[in-house]
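This briefing is for a reader new to the structure shown below.

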Amino acid sequence: MLATRLWWVLNYYGHTDVKVLNGGWRRWLTEGQPITFEPATPEPAVFTPRPNEALICRLDDVRAALDDPAAQILDVRPVTWWRGTENPFGNKRVGHVPGSANVDSDLFVTEDDRSVFKPAEELRALLAEAGTSPERETIVHCQAGIRTTQGVFTLALLGFDRVRAYDASMGEWANRDDTPLVEEKALIQQ
């Protein structure tokens, strides 16, 4: 998750030539991929950040999306947090944004190696089952923005081209009195 967070932050600030190793450094080594112990000597350069506001979603954008049939909200928290049966961060209120789909970001990676993404067809099926579509703008959120970027990265891998991160996520939404939440404690646990 932290690698996708860095990927998203760099993209947001305009550094778009960024990759994420599927499986991380350990898998790279296990597969016998090339490595060197020679020090790199990159050309000195100056990076000028150019924030891309099209990649981020603010509170008012989420509010607007609630009534927009061209938009969808994807909550990538565990289902118990989404339903409101668990509140591990002590939010003032629990539940989920009305109309949001729920796919736990842990389901994007394999069970035996949490740093390896599942095959594209499995991911597409998982998202389709949750009701998400690549044709609609997608706002992804979690609790504090870390899982969010794993969701944004997964959607980008699958070709979703209109994806924004609600970076403030439930840390903001669930701790205000003026944002709607749906609580489903009565539902049977998955």
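In this predicted model, helix H1 meets helix H6 through Leu2, Thr4, Arg5, Trp7 and Trp8 on the H1 side. The H6 side of the contact consists of Ile146, Thr149, Gln150, Val152, Phe153 and Ala156. Sorted by class, the residues of this contact are 7 nonpolar, 3 polar and 1 charged.

**Helix packing**
- H1 spans residues 2-12 and H6 spans residues 146-157.
- The axes of H1 and H6 lie 8 Å apart, and the packing angle is about 75°.
- An angle from 65 to 115 degrees counts as roughly perpendicular, so H1 and H6 are roughly perpendicular to each other.

**Aromatic residues**
- The whole structure holds 6 aromatic pairs.
- One of them joins Trp81 and Phe89, edge-to-face, at 5.4 Å centre to centre with 85° between the planes.
- Trp81 has a relative accessible area of 14%; the limit for buried is under 20%, so Trp81 is buried.
- Tyr166 and Trp173 also form a pair, with ring centres 6.3 Å apart.
- Their planes stand at 85°, so the pair of Tyr166 and Trp173 is edge-to-face.
- Both Tyr166 and Trp173 are buried.
- Trp7, Phe117 and Phe153 make up one aromatic cluster; Trp7 and Phe153 also take part in the contact of H1 with H6.

**Ser169**
- Ser169 lies in helix H7, which covers residues 169-173.
- The phi of Ser169 is positive, about 50°, although this residue is not a glycine.
- Ser169 counts as buried because its relative accessibility is 0%.

Technical notes:
Residues are numbered from 1 along each chain as its sequence is written. This is a predicted model: local features need pLDDT of at least 70, side-chain atom pairs count only at pLDDT 80 or more; totals for chains, interfaces and linings use all residues. Side-chain values use heavy atoms; hydrogens and water are left out. Helices (H or I, at least four residues) and strands (E, at least two) are DSSP runs, numbered from the N terminus. Buried means under 20% relative accessible area, exposed over 50%, partly exposed in between (1.4 Å probe, protein chains only). Rings of Phe, Tyr and Trp (its six-membered ring) pair if their centres lie within 6.5 Å; planes under 30 degrees apart count as stacked, over 60 as edge-to-face and the rest as tilted. Axes are lines fitted to C-alpha atoms, for helices over the stretch in contact, and angles run from 0 to 180 degrees between N-to-C directions. Angles under 35 degrees count as roughly parallel, over 145 as roughly antiparallel, 65 to 115 as roughly perpendicular and the rest as oblique. Contact means heavy atoms within 4.5 Å. Ala, Val, Leu, Ile, Met, Phe, Trp, Tyr, Cys and Pro count as nonpolar, Asp, Glu, Lys and Arg as charged, and the others, Gly among them, as polar.
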